[in-house]
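Please keep the sequence and the model in view while reading.

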Amino acid sequence: MAATMNRIFRPTSSSPSLFNQLIKIRPLSTTATITTSSSHPRTDPKPRNVQWVFLGCPGVGKGTYASRLCSLLGVPHIATGDLVREELASTGPLSTQLAEIVNQGKLVSDEIIISLLSKRLEAGESKGESGFILDGFPRTIRQAEILEEVTDIDLVVNLKLREDVLLEKCLGRRICNQCGKGFNVASINAEEKNGLPAMSMAPLLPPPNCASKLITRSDDTELVVKERLRVYNEKSQPVEDFYRSRGKLMEFDLPGGIPESWPKLLDALNLDDQEHKQSAAA
């Protein structure tokens with residue numbers, strides 16, 4: 001077994017501590033390598049679901065589109081932002097440290113993200129989950145390299161949206177403090193600018209039972225959002241290049257809100273959402 005693990009995981013000198021945290025997780029792949037008593041490994045095919053990554057600036061809609069695709073494909077949606085918020089709401093040892101980082105608009109360190117993701121993958125494996133869509137991870141080359149050591153990524157979808165729209169969208173985000181669902185009160189009508197086409201996005205308003213319970217995230221201020229976008233843009237290009245060089249990156253420019261973007265994203269992914277089509281025709 002040890003020999004098999006050593007073949008699967010290839011630690012690098014640049015990331016020993018992160019590697020040690022993830023080595024406990026059996027990689028999710030299309031095949032499982034089994035060592036027989038004769039010491040000759042054989043391959044036992046085990047079909048699995050998709051293993052995708054969603055990239056994009058904070059507020060671009062990664063969570064919205066990833067969760068819809070997860071429902072369509074029957075895979076878990078693993079959002080590192082949710083993992084961070086769950087830890088923030090806990091009384092765990094990381095909560096105070098995370099609160100300071102998040103409120104300053106800084107990126108959470110690789111060590112913390114890997115630790116949280118490690119726990120989530122272990123929990124999913126114990127429940128028999130197959131496949132996943134990662135939302136908000138990896139954000140750095142180091143994270144991408146460690147993820148590559150652990151499992152196979154089939155596709156990386158990079159969602160893009162013009163920055164002025166992104167800012168307005170982030171400032172309109174609201175969360176129901178009872179059910180935890182996210183909404184957006186911004187009604188966006190961006191004019192054509194610097195060669196970018198005009199764009200409209202209708203607000204995503206809450207149902208009546210949530211309307212009086214909406215709160216704004218503490219880090220959704222203009223100053224913090226602009227800093228988050230600056231840091232993300234600075235860090236994201238190497239990660240995009242990392243997956244582009246492996247032929248796994250798909251760039252997708254959002255043409256508008258969900259009604260305009262969802263059908264086009266499905267087309268780009270060669271997927272068909274019959275339930276969406278039926279509800280739209282009803």
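**Fold and local geometry**

Among contacts in the protein between residues at least 6 apart in sequence, 67% join residues at least 24 apart, where contact means heavy atoms within 4.5 Å. This is a predicted model, in which local features need pLDDT of at least 70 and side-chain atom pairs count only at pLDDT 80 or more, while totals for chains, interfaces and linings use all residues. Residues are numbered from 1 along each chain as its sequence is written, and side-chain values use heavy atoms, with hydrogens and water left out.

Q: What percentage of the residues of the protein count as buried?
A: The protein holds twelve helices and twelve strands, these being DSSP runs numbered from the N terminus (helices H or I of at least four residues, strands E of at least two). Buried means under 20% relative accessible area, exposed over 50% and partly exposed in between, with a 1.4 Å probe and protein chains only. Of the 282 residues, the share that counts as buried is 42%.

Q: Is the aromatic pair of F242 and Y243 stacked or edge-to-face?
A: Rings of Phe, Tyr and Trp (its six-membered ring) pair if their centres lie within 6.5 Å, and planes under 30 degrees apart count as stacked, over 60 as edge-to-face and the rest as tilted. The structure holds one aromatic pair. The ring centres of F242 and Y243 are 5.0 Å apart and their planes stand at 85 degrees, so the pair is edge-to-face.

Q: Which residue has its charged end over the ring of F242?
A: F242 has 8% relative accessibility and therefore counts as buried. A charge sits over a ring if NZ of Lys or CZ of Arg is within 6 Å of the ring centre and within 35 degrees of the ring normal. R68 is placed in this way over the ring of W262, 5.4 Å from its centre. Over the ring of F242, 3.7 Å from its centre, sits the charged end of R246.

Q: How are α4 and α5 oriented to each other, oblique or parallel?
A: Axes are lines fitted to C-alpha atoms, for helices over the stretch in contact, and angles run from 0 to 180 degrees between N-to-C directions; those under 35 degrees count as roughly parallel, over 145 as roughly antiparallel, 65 to 115 as roughly perpendicular and the rest as oblique. The axes of helix α4 (residues 80–89) and helix α5 (residues 95–103) come within 8 Å and cross at roughly 125 degrees. That angle makes α4, relative to α5, oblique.

Q: At what angle do α4 and α6 pack?
A: In α4, the residues T80, L83, V84 and E87 meet I113, L116, L117, K119 and R120 of α6. The two helices are roughly perpendicular to each other. With the axes of α4 and helix α6 (residues 110–126) lying 10 Å apart, the packing angle is about 95 degrees.

Q: Which residue is joined to F137 by a cis peptide bond?
A: Most residues other than glycine have a negative phi, and most peptide bonds are trans. The loop between β5 (132–135) and α7 (141–150) contains P138. With omega about 0 degrees, the cis bond joins F137 to P138.

Q: What is the phi of N270?
A: N270 lies in the loop between α11 (258–268) and α12 (274–281), and with a relative accessible area of 70% N270 is exposed. N194, in the loop between β9 (188–190) and β10 (199–201), likewise has a positive phi, near 50 degrees, in a residue other than glycine. For N270, which is not a glycine, phi is positive at about 60 degrees.

Q: How far apart in space are G172 and I188, C-alpha to C-alpha?
A: G172 is found in the loop between α8 (163–171) and β7 (173–176), and at 4% relative accessibility G172 counts as buried. Leaving aside neighbours within four places in sequence, G172 is in contact with F183, N184, V185 and A186. G172 and I188 are 16 residues apart in sequence, and their C-alpha separation in space is 9.6 Å.
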